[in-house]
Amino acid sequence: MEPKPSTTPSSFTDQQVFPGDVVLDLSKMANQTIKLGGGLRQDGDVISVMKAGKLRFSKPNKYWVESSNKRYVPSAGDNVLGIVVDAKADNFLVDIKGPTLAFLPVLAFEGGTRRNIPKFEMGTLLYVRVVKANTGMNPELSCMDASGKAAEYGPLKEGFMFESSTGLSRTLLSSPTCPVLETLGKKLAFEIAVGLNGRVWVNAASPSIVVLVANTIMKTESLSPVQQKIKVESLMQRMR
Amino acid sequence: MDLEREGGRGANQLRPIDCSRNVLSRAHGSASCSHGETRVLAAVYGPKAGTKKNENPEKACIEVIWKPKSGQIGKPEKEFQMILKRTLQNICLLNVHPNTTTSIIVQVVHDDGSLLPCAIHAACAALIDAGIPLKYLAVSISCCLTESGKILLDPNKLEEQKMKAFVCLAFPSSVHSVLTEGSINGIITSLTHGVMAGYTFLTLILDEYFQCVEQGRAAITPLSNILKKKLQSQSAE
């Protein structure tokens, strides 16, 4: 391979990278702390890419690769939608679309004691928070926020849940509010819960509103913000 | 005696390659790759919890299922499965998700020569689509040796059947790097079939196998660029 002229890491940020690309040379950056997010790994003296996606950088020192997949890589602090698979003595086993099942301790509820353990059947949809996610271990979940309050976590009753990619979930949760939700929210009344693992739950007074919201979100995934607004308007016209 | 290739291709010229991602809606990752007329479809499911019985639980396990275009799964399919499994085990990072299984299903849609390279490209693209952590990508090339000792890259089915020897090679793909020197060298997989000669002519040692390797290696960079370009144009949102 012909030697390439040395390029600074800033030329790789916001660019498409593929597995094997070397993005940082640590021997040239002494006495600096760098935080690596998902998709990057340290290989001796260099940082190389593990997953294909866009390389992102946020000041002061965090690098990560942003990609949209159908599977989820658990990380601490995320809010996800899980489905109960089994109930054991100490934990519920919950499927969060990750490499392994996650554990939800039976006491991880506000005011939870051994006497009032909730009874979740197989297939119950839960809105939970990921507490711990280390490699090789099953992730741990909780239905309380960091201060011990219930804060909207728990089972989601009624409504409709659909699965999509992690990229769509991030778009729906971005601030300022994503154009699809904003346009839908102006005319319709509905409840929505978005999990970072690619699951979305919608609930509304009538089934036709639920179907409209779900279909709109799924169809506008790959459009630009302007196109999204146009598409949403046209879909809502059809409903009137 | 110069060999005329179908379509007027040069000895080092490859057939048009096309690659597309996310072709199957239910698979966690999927890709379809074609080299000229040869087409292969690959689907990836995983990582899922649990490994098979005899596998090391401290590493991820990769399982490959090869489905031929027609007929039952027999010995040639099992051989392809084993070759593909060993190749993919080399490029995947196995310690990121220990005790999990990733299944890769390869379906041959049409075989017009150069089947294994096409399958390796399809499986790599499907792994990228699924977000499985990889060390690097693999690019693969097949070459065949004519009676007169000439080396042809990317043979089609007719050429493969007429040749005296056949080599299929997989290399790590070329990467974009901030480092000025240092590149990934080496061969991931090499599969040979037939008789290749090694002989000395005056003071030159002409070993046909190594010539094939050199010609294949020369094609890595253009091949990597084509594949990356195809995969990039779809993931951009």
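## The open sheet of chain B

In this predicted model, chain B holds an open sheet of four strands, which pair in antiparallel fashion in the order 7-6-8-9. Strand 7 (151-153) and strand 9 (189-194) of chain B lie at the edges with a single partner strand each, so one side of each has no neighbour in the sheet. From one strand to the next, the twist averages 20°. Strand 6 (residues 138-145) of chain B is joined to strand 7 of chain B by three bridges, and Leu145(B) stands opposite Ile151(B) of strand 7 of chain B.

Two helices of chain B pack on this sheet. Helix 1 (residues 75-91) of chain B touches strand 6, strand 8 (165-172) and strand 9 of chain B, and its direction makes about 150° with that of strand 9 of chain B. Helix 4 (residues 208-218) of chain B touches strand 6, strand 7, strand 8 and strand 9 of chain B, while its direction makes about 45° with that of strand 8 of chain B.

## A helix pair in chain A

Helix 2 (residues 179-187) and helix 3 (residues 207-219) of chain A pack with their axes 10 Å apart, at an angle of about 155°. Because angles over 145 degrees count as roughly antiparallel, helix 2 of chain A is described as roughly antiparallel to helix 3 of chain A. Val180(A), Leu181(A) and Leu184(A) of helix 2 of chain A meet Val213(A), Thr216(A) and Ile217(A) of helix 3 of chain A, a contact with five nonpolar, one polar and no charged residues.

## Val65 of chain A

Val65(A), which lies in strand 7 (residues 62-66) of chain A, is buried, with a relative accessible area of 9%. Leaving aside residues up to four places away in sequence, Val65(A) touches several residues, including Val17(A), Leu40(A) and Val49(A).

Technical notes
Residues are numbered from 1 along each chain as its sequence is written. Chains are lettered from A and ligands numbered from 1 in the order in which they are written. This is a predicted model: local features need pLDDT of at least 70, side-chain atom pairs count only at pLDDT 80 or more; totals for chains, interfaces and linings use all residues. Side-chain values use heavy atoms; hydrogens and water are left out. Axes are lines fitted to C-alpha atoms, for helices over the stretch in contact, and angles run from 0 to 180 degrees between N-to-C directions. Angles under 35 degrees count as roughly parallel, over 145 as roughly antiparallel, 65 to 115 as roughly perpendicular and the rest as oblique. Contact means heavy atoms within 4.5 Å. Ala, Val, Leu, Ile, Met, Phe, Trp, Tyr, Cys and Pro count as nonpolar, Asp, Glu, Lys and Arg as charged, and the others, Gly among them, as polar. Buried means under 20% relative accessible area, exposed over 50%, partly exposed in between (1.4 Å probe, protein chains only). Two strands pair if DSSP finds at least two bridges between them.
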